[in-house]
Amino acid sequence: KEGPKAIVATALTVVVMDVLIRGADALTATIWSAGQGDVMQMMDSIAETLGGASGLAASFLGPLALLLGMIGMIVTAVVLFMRSALLYLVAGFAPIVWAAGVSPVLRGAGRKLVQVSLALVLAKPAIALTLVVGAKLTANASTPPAGSTADGAAALGTLVTGFACFA
């Protein structure tokens, strides 16, 4: 009874995962295209804020905020690379998990495989949505009027807020 189910599940795993990954990539591209202009505006605003900052933001706190933001971006990139590698591992170990599901002791392993696969597939759209929402909030925040210089604390707040979505 469990043998034919394991054979069919093994055959369909790669196809289903490919369809899910393509769907998640399309969803991510749609999300990212909706917020790409705001991301560019946010990055320009952060560069402008740091360039014209004085006081508190010009001290070591401004570059420290930028350093922490860059570290956050690197960590986000590493998470996405690890996600891709783990998807390959899940696809590689799927036949073993489905074959082991024949044993009554390991019948729950298939359910865990599906849960891990869905979590890995949906991680990329979730990260993209978080980044776009954070960028939209930062880009559309109230900025000082043209010609006026923001004080150092406000400039530092803009820097920290700009990179908070990467944390």
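Start by selecting T76, which sits in helix 2, where helices are DSSP runs of H or I with at least four residues, numbered from the N terminus. This is a predicted model, in which local features need pLDDT of at least 70 and side-chain atom pairs count only at pLDDT 80 or more, while totals for chains, interfaces and linings use all residues. Residues are numbered from 1 along each chain as its sequence is written, and side-chain values use heavy atoms, with hydrogens and water left out.

T76 is buried at a relative accessible area of 13%; buried means under 20%, exposed over 50% and partly exposed in between, with a 1.4 Å probe and protein chains only. A polar atom of the T76 side chain lies 2.9 Å from the backbone oxygen of G72.

Next, turn to the salt bridges, of which the structure holds three, each being a side-chain nitrogen of Lys or Arg within 4 Å of a carboxyl oxygen of Asp or Glu. Select R22 and D18, whose side chains meet at 3.1 Å, N to O; both lie in helix 1, four residues apart, about one turn of the helix. R22 is exposed at 57%, whereas D18 is partly exposed at 36%.

Then select K124 and D25, whose closest N and O atoms are 3.1 Å apart in a salt bridge; this pair links distant parts of the chain, with K124 in helix 3 (residues 109-139) and D25 in helix 1, 99 residues apart.

Finish at K136 and D38, which form a salt bridge with the closest N and O atoms 2.8 Å apart. K136 lies in helix 3 and D38 in helix 1, so this pair ties together parts that are 98 residues apart in sequence. K136 is partly exposed at 32%, while D38 is buried at 12%.

Conventions: Helices (H or I, at least four residues) and strands (E, at least two) are DSSP runs, numbered from the N terminus. A polar contact is a pair of N or O atoms within 3.5 Å; within protein, one must be able to donate a hydrogen and the other to accept it, and residues adjacent in sequence count only if both atoms are side-chain atoms.
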